[in-house]
Amino acid sequence: MSEREFQPLGCAVVTVSDTRSPATDRSGDLVAGRLEEAGHRLKDRRIVRDEREELEAAFRELAGRSGVEVVISTGGTGLTGRDVTPEAASAVYTKEIPGFGELFRWLSYEEIGPSTIQSRAQAGLADTTLLFNLPGSSGACRLAMDAIILPQLDLRTRPCNFAEMMPRFAER
């Protein structure tokens, strides 16, 4: 069997914050930059306030948009009262991907120790769109992108990856 060729995916990046601006959004820059460096297409990038209804609406809109196959958010996954990203995203998921959060925290433990327990990083499918919710720190985003997300969005990753499964996400 011949080597598979890379196939770019349409991606959106959502920074969840009441205080960040385009000039101060280091984590959003990192995620968007990593996607583009890998060869994916950035279809949308925005900052959304830590408001559950606004986040849920943004996730629904992006997941329903033609050409957006992956949505990655950064921020709002902690334990404070303003951290509502997991609740907003869970309302949009049609299937959870629990292995993402489990693997992220396991890898994160190697870097930051037991503080990783404070992260509620997660992923799921919103119909046929992958939705990843990352912490707001650039270190956490780097870890998630490099160790998990980018390999899974690459059709060449063996033995399997999300990119090759995407055509089957809509099966009934």
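I searched the whole structure, a predicted model, for disulfides and found zero. I then looked at C11 to see why. The closest cysteine sulfur to that of C11 is in C141, 14 Å away, which is too far for a bond. A disulfide needs two cysteine sulfur atoms within 2.5 Å.

Are the two cysteines buried or exposed? I looked up C11 and got a relative accessible area of 0%, so C11 is buried. C141 also has 0% and is buried.

**Aromatic pairs.** I listed the aromatic pairs and got three. I took F100 and F104 to begin with. Their ring centres are 6.3 Å apart and their planes meet at 20°, so I noted the pair as stacked. Both residues lie in helix α4, residues 98-112, four residues apart, which puts about one helical turn between them. F100 has 4% relative accessibility and counts as buried. F104 is buried too, at 1%.

I then turned to F100 and F132. This aromatic pair is edge-to-face, with 5.2 Å from centre to centre and 70° between the planes. F100 is in helix α4 and F132 is in strand β6, residues 129-134, so the pair links distant parts of the chain, 32 residues apart. I noted both F100 and F132 as buried.

**Cluster.** Which residues form one aromatic cluster? I wrote down F100, F104, F132 and F162.

Technical notes
Residues are numbered from 1 along each chain as its sequence is written. This is a predicted model: local features need pLDDT of at least 70, side-chain atom pairs count only at pLDDT 80 or more; totals for chains, interfaces and linings use all residues. Side-chain values use heavy atoms; hydrogens and water are left out. Buried means under 20% relative accessible area, exposed over 50%, partly exposed in between (1.4 Å probe, protein chains only). Rings of Phe, Tyr and Trp (its six-membered ring) pair if their centres lie within 6.5 Å; planes under 30 degrees apart count as stacked, over 60 as edge-to-face and the rest as tilted. Helices (H or I, at least four residues) and strands (E, at least two) are DSSP runs, numbered from the N terminus.
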